Amino acid sequence: MNFQWYPGHMTKAIRMMQENIKLVDMIIELTDARIPLSGRNPDIDELGKGKARLVLLNKTDMADPRVTKEWIEYFEAQGASVIDINSKQNKDIKKVKEKIVEACAERIERDRKRGIKNRPIRAMVAGIPNVGKSTFINHLTGKTAAKTGNKPGVTKGKQWISLGNNMQLLDTPGILWPKFEDQTVGLHLALIGSMNDENLDTAELAIELIKFLEVSYRGIIEEKYSIEEGTIDSIIDEYGYPRGTAYLAAIAESRKCLVAGGNPDFQRAAGLVLDDFRNGRLGRISLERPEN
Ligand code: G4P
């Protein structure tokens, strides 16, 4: 499968990001806990050179907690401040604010040595589309956060939202595009639903997911769709389908996704599996693990 990304205003977004980075002390980089590497653009390391960084593994409510723990160790081993969160819940916000201070400790100490008092820590949020930037900003700032520039008569410009404790957040996040260094990046983004399904072969995508689950989360498909032991092998024997297709046939049978004549509706079955995965109905699953 060939994955492509059609960034509308990528150059403009990167230029904006470069300008905004100059104004901040730190970057709060969001990535998806299920695909921490495919869900980020490594160019941010170069763009954000010299700035403090906090990596947020977002959507942890859908990721495998054991794997998330491995990712935290991975990022920490690289010297990054990192925290796992669920942006849809407020309970993580206090921890995030503490981590922001921790990530900026060097800057705060430098100011202190120079006798600079109460200079606010300025931060910006960055990440690829759909990673949860707006959701996170809304929760971090509280929905009622004042955006001074929205008031009539206030000069337009950069808008800073106060987070308390002498911290300020740029209200517009920096948008980065994923980097398609190999097809796995595209596949992972497509699986979590960050690419437009219209341009993708849903059945092929679902089969890739099934193949992965068979290896890394054995038995999960059988359990979810009540597929009895031996069913897949007997479908293969009877129809000669490849293994992934046999799984789709079994799911179609189990969920009554059938076309005229009682044959399996592979497309519908594929859509069902992808939908269940993306909505967390297959359980908490991570597609990427750090390499040992
Ligand atoms: P963006 O600004 O980076 O483009 O992302 P945005 O905040 O719009 O979030 C994209 C989708 O991800 C939203 O779902 C949002 O609710 C969801 N999301 C963000 N953070 C989390 C999280 O920690 N856990 C989970 N489970 N979902 C998260 P949507 O389907 O586009 O909208 P809706 O379902 O909220 O209506």
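Let's start with I235, which counts as buried because its relative accessibility is 12%. Buried here means under 20% relative accessible area, exposed means over 50%, and partly exposed is in between, with a 1.4 Å probe and protein chains only. I235 sits in helix α10, residues 231-239. Helices are DSSP runs of H or I with at least four residues, strands are E runs of at least two, and both are numbered from the N terminus.

What does I235 touch? Leaving out residues up to four places away in sequence, I235 touches G240, Y241, A246, A249 and A250. A contact means heavy atoms within 4.5 Å. I235 and T245 are 10 residues apart along the chain, and their C-alpha atoms are separated by 9.4 Å.

A word on the model. It is predicted: local features need pLDDT of at least 70, side-chain atom pairs count only at pLDDT 80 or more, and totals for chains, interfaces and linings use all residues. Residues are numbered from 1 along each chain as its sequence is written, and side-chain values use heavy atoms, with hydrogens and water left out.

On to T245. This residue is in helix α11, residues 243-254. T245 counts as buried because its relative accessibility is 18%. Its contacts include I207 and F266, again not counting residues up to four places away in sequence.

Next, E204. You'll find E204 in helix α8, residues 202-216. Buried or partly exposed? E204 is partly exposed, at a relative accessible area of 33%. E204 and A270 are 66 residues apart in sequence, yet C-alpha to C-alpha they are 8.2 Å apart in space.

Now compare that with M62. M62 and A123 are 61 residues apart in sequence and 27 Å apart in space, C-alpha to C-alpha. M62 lies in the loop between β2 (52-58) and α3 (65-77). Which residues does M62 touch? Not counting residues up to four places away in sequence, they are R34, R278, N279, G280, G283, R284 and I285.

Two backbone points. Where is phi positive in a residue other than glycine? One case is K256, with phi near 55 degrees. K256 is in the loop between α11 and α12 (266-278). K256 counts as exposed because its relative accessibility is 58%. Another case is N166, which is not a glycine but has a positive phi of about 65 degrees. N166 lies in the loop between β5 (160-164) and β6 (167-170). N166 is partly exposed, with a relative accessible area of 35%.

Now the ligand. Which residues come nearest to it? Of the 15 residues around the ligand, those are D61, S87, K133, S134 and T135. Near means that one of a residue's heavy atoms lies within 4 Å of the molecule. Helix α6, residues 133-141, gives the largest share of that shell, with 3 residues.

Let's take the polar contacts. A polar contact is a pair of N or O atoms within 3.5 Å; within protein, one must be able to donate a hydrogen and the other to accept it, and residues adjacent in sequence count only if both atoms are side-chain atoms. D61 places a polar side-chain atom 2.8 Å from a nitrogen atom of the ligand. S87 uses its backbone: a polar backbone atom is 2.8 Å from an oxygen atom of the ligand. T135 has a polar side-chain atom 2.6 Å from an oxygen atom of the ligand. How much of the ligand is covered? On its own the ligand has 710 Å² of accessible area, and the protein covers 63% of that. Accessible areas come from the Shrake-Rupley method with a 1.4 Å probe; for residues, only the protein chains shown count as cover.

Last, the whole chain. The protein chain has 12 helices and 7 strands. Its C-alpha trace spans about 80 × 40 × 35 Å along the principal axes. Of its 292 residues, 47% are buried. Among contacts with a separation of 6 or more, 72% join residues 24 or more positions apart. The chain exposes about 15,600 Å², and carbon and sulfur atoms supply 48% of that area.

And the charges? How many side chains are positive, and how many negative? The protein chain has 43 positive and 41 negative side chains, with the centres of the two sets 13 Å apart. Lys and Arg count as positive, Asp and Glu as negative, and His and the chain ends are not counted. Each charge is placed at NZ of Lys, CZ of Arg, CG of Asp or CD of Glu.
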